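Have the structure open while you read.

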Amino acid sequence: MVTLNRIYTKTGDDGTTALGTGERRPKYDLRIEAYGTVDETNAAIGVVRLHTRDMPEFDAMLGRIQNDLFDLGADLAVPEREGKAERLRVVASQVERLERDIDALNDKLAPLTSFVLPGGTPAAAYLHVARTICRRAERVMVELAARPGEPVGAAGIQYMNRLSDFLFVASRAANHNGAGDVLWVPGQNR
């Protein structure tokens, strides 16, 4: 259980922040960037949910994803170290649930005949914004994982990769199951 009595601590005034281990890192550190961008993805999904209240099953999927993203933030904030007690980690079952949700949404969609431009309904447009932020978070996580001594769980990277797929499929679902998709017309403005 988390208890927050005081929101400001002043400990970050020197340009550093603490990982879940207590280790201080500069605020521009790549690990901080990784979980900060995951948090940004979560916030974008929160905006999407302003437009999905009338779709309870769809909205519930987004709510589960928001909780998973908090799990991922906690995972990234406490790097796995030899001999240390295990902390909260994103696990394969979370990735698998996301895959099932993708399949459930995608089953109702017609195959694409063109690339889709971000747009359509407000929910769809915001889902595209969340998707692009998610892709950035994934890129930062992969870069972090490539650095020596900076472990990132494979399931966390897989989760973000699937999440961007989910957000794309969800944008089509939010566009009246693809009927409202805005399609790319190559060379239209030549």
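**How the helices pack**

Helices α4 and α5 run roughly antiparallel to each other, because an angle over 145 degrees counts as such and theirs is about 165°. Keep in mind that this is a predicted model.

**α4 against α5**

- α4 covers residues 122-145 and α5 covers residues 154-174, and their axes lie 9 Å apart.
- The crossing of α4 past α5 is left-handed.
- Sort the residues of this α4 and α5 contact by class and you get 16 nonpolar, five polar and four charged.

**α2 against α3**

- α2 (residues 56-77) packs on α3 (residues 92-106) at about 155°, with the axes 12 Å apart.
- That angle is why α2 and α3 also count as roughly antiparallel to each other.
- Once again the crossing is left-handed, here with α2 passing α3.
- On the α2 side, the contact uses Phe58, Met61, Arg64, Ile65, Asp68 and Asp71, while α3 brings in Gln94, Arg97, Leu98, Asp101 and Leu105.

**α2 against α5**

- The axes of α2 and α5 come within 12 Å and cross at roughly 160°, so these two helices are roughly antiparallel to each other as well.
- α2 goes past α5 in a left-handed crossing.
- From α2, the residues in this contact are Phe58, Met61, Leu62, Ile65, Asp68, Leu69 and Leu72.
- Facing them from α5 are Gly156, Tyr159, Met160, Leu163, Phe166, Ala170, Ala173 and Ala174.
- The contact of α2 with α5 holds 13 nonpolar residues, plus one polar and one charged.

**The nonpolar core**

- In soluble globular proteins, nonpolar side chains tend to be buried together.
- In this model, the largest nonpolar core has 45 residues.
- Leu69, Met141, Tyr159, Met160, Leu163 and Phe166 have the most contacts inside that core.
- Each of α1 (30-48), α2, α3, α4 and α5 supplies at least two residues of the core.
- α5 gives the most, with eleven residues.
- Which residues does Leu69 touch, not counting those up to four places away in sequence? They are Val38, Thr41, Asn42, Ile45, Tyr159, Met160 and Leu163.

Terms used:
Residues are numbered from 1 along each chain as its sequence is written. This is a predicted model: local features need pLDDT of at least 70, side-chain atom pairs count only at pLDDT 80 or more; totals for chains, interfaces and linings use all residues. Side-chain values use heavy atoms; hydrogens and water are left out. Axes are lines fitted to C-alpha atoms, for helices over the stretch in contact, and angles run from 0 to 180 degrees between N-to-C directions. Helices (H or I, at least four residues) and strands (E, at least two) are DSSP runs, numbered from the N terminus. Angles under 35 degrees count as roughly parallel, over 145 as roughly antiparallel, 65 to 115 as roughly perpendicular and the rest as oblique. A crossing is left-handed if the near helix is turned anticlockwise from the far one by less than a right angle, and right-handed if clockwise. Ala, Val, Leu, Ile, Met, Phe, Trp, Tyr, Cys and Pro count as nonpolar, Asp, Glu, Lys and Arg as charged, and the others, Gly among them, as polar. Contact means heavy atoms within 4.5 Å. A nonpolar core is a set of buried Ala, Val, Leu, Ile, Met, Phe, Trp, Tyr and Cys residues joined through side-chain atoms within 4.5 Å. Buried means under 20% relative accessible area, exposed over 50%, partly exposed in between (1.4 Å probe, protein chains only).
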